[in-house]
Amino acid sequence: MKIRIQIYLLIFLLIVLSACGAAIEDEDNIIDKSIDTIGYLQTNDWEQLAQLVHPEKGLLFSANAQIDADDVLFSNEEVALFDKEENVYSFSPQIETTPANFINKELLSKEGEQVEFTVSSFDQSQVPTNLDENNITEVFPDAQFVEYFSPPSTNDEDNWQAIRLVFEKERRHHYLVAIVRETPGK
């Protein structure tokens, strides 16, 4: 009886350790994909970015922390053609532009300057305030995200920006399903 209990405990321990190892491997994989994503966005490498996009769900862009039904959604085929896309989309009531312009002028820029994302975190936010509700976990309950944060560049506390790269795992592969931007009160 004692040996049977020890065997069950050993099996349980192996299962727990295996799950921990898989979780760490998933986190590393997602972080690596987020670094690739940032690079593809910065270099306008839409074809490489499209390869990371979920083949069925596509890629959602939200200009605010609060994801809603009006946010813009693109298939991976559409993402691959961002350099040729001339249609104007409404990313928010204040932002109507092409996808490439949104990425270059809103997502990767702050007050007309290239954003330097100096802080990153996994599945948590570095945002200094809670002006908007971050509802990623409600909209994508099986997803994990990497946040890139650019702290205020001046004494103005409202001069920060964050983007969250949201990934979902399907069939042992992590796909990019959303890019969420947050700025103070915008």
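Visitor: How many helices and strands are there in the protein chain?
Guide: This is a predicted model, and its protein chain contains 5 helices and 10 strands.

Visitor: What share of the residues is buried?
Guide: Of the 186 residues in the protein chain, 42% are buried. The accessible surface is about 10800 Å², and carbon and sulfur atoms account for 50% of that area.

Visitor: What does Ile 103 touch, leaving out residues up to four places away?
Guide: Ile 103 is in contact with Leu 41, Trp 46, Phe 61, Phe 82 and Leu 108.

Visitor: Which residues of helix H4 are buried?
Guide: Helix H4 spans residues 99-107, and its buried residues include Pro 99, Ala 100, Phe 102, Ile 103 and Leu 107. These residues lie on the same side of H4, because they cover an arc of only 165 degrees around the axis.

Visitor: New topic: how many aromatic pairs does the structure hold?
Guide: The structure holds 10 aromatic pairs. One of them joins Trp 46 and Phe 82 edge-to-face, at 5.5 Å centre to centre and with 65 degrees between the planes.

Visitor: Where do Trp 46 and Phe 82 sit in the chain?
Guide: Trp 46 belongs to helix H2 (residues 46-52), while Phe 82 is in the loop between helix H3 (76-80) and strand S3 (89-92). The two are 36 residues apart, and their pair links distant parts of the chain.

Visitor: Is Trp 46 buried or exposed?
Guide: Trp 46 is buried, since its relative accessible area is 4%, under the 20% cut-off. Phe 82 is likewise buried, at 1%.

Visitor: What is the geometry of the pair that Phe 61 and Phe 82 form?
Guide: Phe 61 and Phe 82 form a tilted pair, 6.2 Å centre to centre with 45 degrees between the planes. Phe 61 lies in strand S1 (residues 59-62) and Phe 82 in the loop between H3 and S3, so their pair ties together parts 21 residues apart in sequence. Both residues are buried.

Visitor: Which residues do ring pairs link into a cluster?
Guide: The cluster consists of Trp 46, Phe 61, Phe 74, Phe 82, Tyr 89, Phe 91 and Phe 102.

Conventions. Residues are numbered from 1 along each chain as its sequence is written. This is a predicted model: local features need pLDDT of at least 70, side-chain atom pairs count only at pLDDT 80 or more; totals for chains, interfaces and linings use all residues. Side-chain values use heavy atoms; hydrogens and water are left out. Helices (H or I, at least four residues) and strands (E, at least two) are DSSP runs, numbered from the N terminus. Buried means under 20% relative accessible area, exposed over 50%, partly exposed in between (1.4 Å probe, protein chains only). Accessible areas come from the Shrake-Rupley method with a 1.4 Å probe; for residues, only the protein chains shown count as cover. Contact means heavy atoms within 4.5 Å. The arc is that of the directions from the helix axis to the C-beta atoms. Rings of Phe, Tyr and Trp (its six-membered ring) pair if their centres lie within 6.5 Å; planes under 30 degrees apart count as stacked, over 60 as edge-to-face and the rest as tilted.
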